[in-house]
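This report looks at selected local features of one structure. Please have the sequence and the model open while reading.

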Amino acid sequence: MDRRIFGLETEFGLNYVPSDGRRLTPEDAARHLFRPVVAWGRSSNVFLNNGSRLYLDVGSHPEYATAECDQLLQLIAHDRAGETVMLDLVEQAEEQLLEEGHEGRLFLFKNNVDSAGNSYGCHENYLIPRKVEFKRLADMLIPFLVTRQLLCGAGHLVQIEDETKFVFSQRADHMWEGVSSATTRSRPIINTRDEPHADAQYHRRLHVIVGDSSMSETTQLLKIGATDLVLRLIESGEIYHDLRLENPIRSIRSISHAFTGQTVVRLMSGDEPTALQLQWKILELVKGFVARHGAHHDQVERVLELWERVLVAVESQNFSLIDQDIDWAIKHKLITGYAAKNNLGLDSHRIAQLNLTYHDIDPTRGLFHLLRRRGLASSVLDPQAIADAVENPPATTRAAIRSKFIRAARETGRRYSTDWVHMKYEEGEGGVVLCKDPFATTNSAVDELIEMMRRPV
Amino acid sequence: MTQENFSARRENQAQPVETEQVQVNTTGTSAGVDDLLDEIDSVLESNAEEFVRGFIQKGGQ
């Protein structure tokens, strides 16, 4: 697909730290956090003016789902806009709590595990053509996704046989299946829930739930950019070598745990490449594909350069090549440097705190942001692009229609409801419009609904 | 709160969250590293164990 719809759903970890010893349960903290949202939209599950969805998910996790995007930098900006929206809620909640006599700080973490090992996700959505056979797609995609943690893992500390080790991925130890319809009971790498939010005759949604959340915009660029390229290769119908894994779940864990990339991965064909060799093979196939078909957007070259640089860095164990660009490497440098200077083991509480606070989305207190401010972590966006994405929808997708509808409904004060595809006006004769095309930016039936809202009932 | 949005920030207050990136020239030198580690210590909550152990939520998706 030359144009593809992308979306990112990020679940945040939430913790309230009292200064006065009076703790709040996560449920209470989440309720305080969402109070302005409920006041605004009469629900803790709303669509915002920028077309995104904001809600409280399973386990009291605040979640932000970006609007439909069709460009890489646009998607990254909209995901980062979610952090700005959350920070605004944190600020309001802390003030409100203080008024009620609770003095403390509310922390939101863009990570994937709490201290007890409970996991929550960052889900990637890719619109794919219905005509691509799903089994073939999964067979080809899973070897990539299992080894993709080398490129874009968030880094984590895990206790393995009495020793605390630095590993690539937060999420790897929480995956249980290759492909299934579950998300919480038994987490698969690819979720088969097929809600295209589009014309199901032509489209299908690929729901990838194996990825770590990204703090670094550069890591996000590589994560989504490389996955899109692999999908294009698969969609083209070009056959490539059979890379199906004998046991994807065993492999995803052993790859995460061996920081060398040299984990041997057993394929169904009987071959036994290392994780790195598998990644090199896929990169080679993708590069060949791009050479034959040309780059389909202006970030392709950057994605390929980053991809190759990460593989060289892992292979040579020279992490300085990527320690401003890739989350696990940025975090690894931070943690090993701090531990060495302070003579701490990786199992110390202080190091666990660094591992967690790296993901704190607060721009002054969060360690990723502290490093970025000091020029020790790269960015890809102009900060203004993030500020714009907080207020405005992507102009190139259906999100523009949803945004226009929501704004008009709120200006007129009319009762309305919306989801990804429906725009419903609930007063007078009312009406509902089904917007099946995620690439459409205008819809005359929605414009008529808006006209109707502006007339007296 | 406005009808427009639930943001607490008024239009004229709406500053990008991003602060300008400052390139610290001493980065990499031992003075730069010490300075960085000091700043890290200054932003971390003081009781590391309690802070980490206190963060327990139910699993999500």
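## Surroundings of Asn125(A)

Leaving aside residues up to four places away in sequence, Asn125(A) touches Ile5(A), Phe6(A), Gly7(A), Glu9(A), Arg205(A), Leu206(A) and His207(A). The model is a predicted one. Asn125(A) sits in strand S7 of chain A, which spans residues 122-129. Its relative accessibility is 10%, so Asn125(A) counts as buried; the cut-off is under 20%.

## Packing of H10(A) and H11(A)

Helix H10 (residues 327-342) and helix H11 (residues 349-357), both of chain A, pack with their axes 10 Å apart. The angle is about 160°. That makes H10(A) roughly antiparallel to H11(A), because angles over 145 degrees fall in that class. The crossing of H10(A) and H11(A) is right-handed.

Which residues make the contact? From H10(A) come Lys331(A), Leu334(A), Ile335(A), Tyr338(A) and Ala339(A). H11(A) supplies Arg350(A), Ile351(A), Leu354(A) and Asn355(A). By class, the contact of H10(A) with H11(A) has 6 nonpolar, 1 polar and 2 charged residues.

## An aromatic pair between chains

Over all chains, a search of the whole structure finds 15 aromatic pairs. One of them is formed by Phe107(A) and Phe51(B). The ring centres of Phe107(A) and Phe51(B) are 4.9 Å apart. Their planes meet at 70°, so the pair is edge-to-face; the class requires over 60 degrees.

Phe107(A) lies in strand S6 of chain A (residues 104-109), and Phe51(B) in helix H2 of chain B (residues 48-53), so the pair joins two chains. Are these two residues buried or exposed? Phe107(A) has 1% relative accessibility and therefore counts as buried. Phe51(B), at 4%, also counts as buried.

## Aromatic rings within chain A

Phe144(A) and Trp307(A) form a tilted aromatic pair. The centres are 5.8 Å apart, and the angle between the planes is 55°. This pair links distant parts of the chain, 163 residues apart. Phe144(A) belongs to helix H4 (residues 134-147) of chain A, and Trp307(A) to helix H9 (residues 300-316) of chain A. Both Phe144(A) and Trp307(A) are buried.

Ring pairs also build a cluster. Its members are Phe166(A), Phe168(A), Phe259(A), Phe319(A) and Trp328(A).

Technical notes:
Residues are numbered from 1 along each chain as its sequence is written. Chains are lettered from A and ligands numbered from 1 in the order in which they are written. This is a predicted model: local features need pLDDT of at least 70, side-chain atom pairs count only at pLDDT 80 or more; totals for chains, interfaces and linings use all residues. Side-chain values use heavy atoms; hydrogens and water are left out. Axes are lines fitted to C-alpha atoms, for helices over the stretch in contact, and angles run from 0 to 180 degrees between N-to-C directions. Helices (H or I, at least four residues) and strands (E, at least two) are DSSP runs, numbered from the N terminus. Angles under 35 degrees count as roughly parallel, over 145 as roughly antiparallel, 65 to 115 as roughly perpendicular and the rest as oblique. A crossing is left-handed if the near helix is turned anticlockwise from the far one by less than a right angle, and right-handed if clockwise. Contact means heavy atoms within 4.5 Å. Ala, Val, Leu, Ile, Met, Phe, Trp, Tyr, Cys and Pro count as nonpolar, Asp, Glu, Lys and Arg as charged, and the others, Gly among them, as polar. Rings of Phe, Tyr and Trp (its six-membered ring) pair if their centres lie within 6.5 Å; planes under 30 degrees apart count as stacked, over 60 as edge-to-face and the rest as tilted. Buried means under 20% relative accessible area, exposed over 50%, partly exposed in between (1.4 Å probe, protein chains only).
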